[in-house]
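Please read them beside the sequence and the coordinates.

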Amino acid sequence: MDSWPQSNTTSQMDSEAQQNRPNELVLTGTSRQNLADMSSGRHYLCGYFAAFTNISITFPIQKVLFRQQLYGLRTRDAVRQLQHDGLRNLYRGILPPLMQKTTTLALMFGLYEDFSNLLLQHTTAPELLTRSVAAVLAGTTEAVLTPFERVQTLLQDNKHHNRFNNTFHAFRTLRSYGFQEYYRGLLPILLRNGPSNALFFGLRGPIKQCLPEATSYSTHLVNDFICGGLLGAMLGFLFYPVNVVKARMQSQVGGDFQSFRVVFLTIWKEREGKVSHLFRGAHLNYHRSILSWGIINATYEFLLKFF
């Protein structure tokens, strides 16, 4: 007789345990999802602050480089042009790249991680191919922010100093030319973003492995700076002609939308068909990229340790 109540109690306990078990699994799944979301979010945040740090430091150098790309000037002539513009105009046009680059790099690092995780979960392709596709998708998505790069070009061009007062004035002025005017120069940006992202994320790991093993925060920081700087310099040089064409396209306001090929051939003729003239400013871009992408990569990896 005494055994029956014990059996009923045990049965009730087992039943309650079975009822509670699914809830425990749901909670565990939810917790894992929240952790995954938090992990993904930190890549966006670290990319944002890495870009902010970089733009604040390197903007004057970028402005010299832009003048060389647009007009084919020598470095000292571009510097003299900025000196003539005055200190007041030195950081003129910084708001668009600050807004664009912080958002772009947040998307670059964040979307790369998101697309990689998504593709790795739902495809059986080799990881190298999957991550390359994720990098290209992230770079293509970044092109949505082309209007910021477009306005930055106009504000940095001294021919437009008297035409556009500031970033918001430039956006308002372009609106009268139609929505497509914001996306002038989209093709070279697409040609640059996707492949350069794939090479950056694909080579970042192998290059770092070739460096001396880091044993402290400071040596990790140095290695990340070297790795990012080398990649940035290489990619900046490789895609330099594409950026020259982009700068020429985006310096125009109104008029016909010329193809990439037509603009390239026009520049090629203007610069006497010489590769050295086409790459004028590339040496400054090389050094700027070492500094810029060194700062970006080192800052990004450093911040990841704290988020």
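1. Conventions. This is a predicted model, in which local features need pLDDT of at least 70 and side-chain atom pairs count only at pLDDT 80 or more, while totals for chains, interfaces and linings use all residues. Residues are numbered from 1 along each chain as its sequence is written, and side-chain values use heavy atoms, with hydrogens and water left out.

2. Largest nonpolar core. A nonpolar core here is a set of buried Ala, Val, Leu, Ile, Met, Phe, Trp, Tyr and Cys residues joined through side-chain atoms within 4.5 Å. Buried means under 20% relative accessible area, exposed over 50%, and partly exposed in between, with a 1.4 Å probe and protein chains only. The largest core has 23 residues, and the members touching the most others are Leu 105, Met 108, Phe 109, Tyr 112, Phe 200, Phe 201 and Tyr 300. At least two residues of this core come from each of α1 (3-71), α3 (95-122), α4 (127-142), α7 (186-210), α8 (217-238) and α12 (282-304). Helix α3 supplies the largest share, five residues. Helices are DSSP runs (H or I, at least four residues), numbered from the N terminus.

3. With neighbours within four places in sequence left aside, Phe 109 is in contact (heavy atoms within 4.5 Å) with His 43, Gly 47, Phe 200, Phe 201, Arg 204, Ile 296 and Tyr 300.

4. Nonpolar surface patch. Leu 45, Tyr 48, Phe 49, Phe 52, Leu 221, Phe 302, Phe 306 and Phe 307 make a nonpolar surface patch of about 740 Å². Patch residues have over 30% relative accessible area and no salt bridge, with nonpolar side chains (Val, Leu, Ile, Met, Phe, Trp, Tyr) joined within 5 Å; areas come from the Shrake-Rupley method with a 1.4 Å probe. The most residues, four, come from α1. Phe 49 is found in helix α1 and counts as partly exposed, at 38% relative accessibility.

5. Asn 54. Which residues does Asn 54 touch, not counting those up to four places away in sequence? They are Ser 292, Ile 295 and Ile 296. Asn 54 is found in helix α1 and is buried, with a relative accessible area of 5%. Its side chain makes a polar contact of 2.6 Å with the side chain of Ser 292. A polar contact is a pair of N or O atoms within 3.5 Å; within protein, one must be able to donate a hydrogen and the other to accept it, and residues adjacent in sequence count only if both atoms are side-chain atoms.

6. Salt bridges. The structure holds eleven salt bridges, each a side-chain nitrogen of Lys or Arg within 4 Å of a carboxyl oxygen of Asp or Glu. The side chains of Glu 149 and Arg 192 meet in one of them (3.0 Å, N to O). Glu 149 lies in helix α5 (residues 146-156) and Arg 192 in helix α7, so the pair ties together parts that are 43 residues apart in sequence. Both residues of this pair, Glu 149 and Arg 192, are buried. A network of salt bridges links Glu 149, Arg 192 and Lys 246.

7. Another bridge. Arg 80 and Asp 77 form a salt bridge through their side chains (3.9 Å, N to O). Both lie in helix α2 (residues 75-85), three residues apart. Arg 80 is exposed at 52% relative accessible area, and Asp 77 is partly exposed at 30%.

Key:
Patch = residues over 30% accessible without salt bridge, like charges linked within 9 Å, V, L, I, M, F, W, Y side chains within 5 Å.
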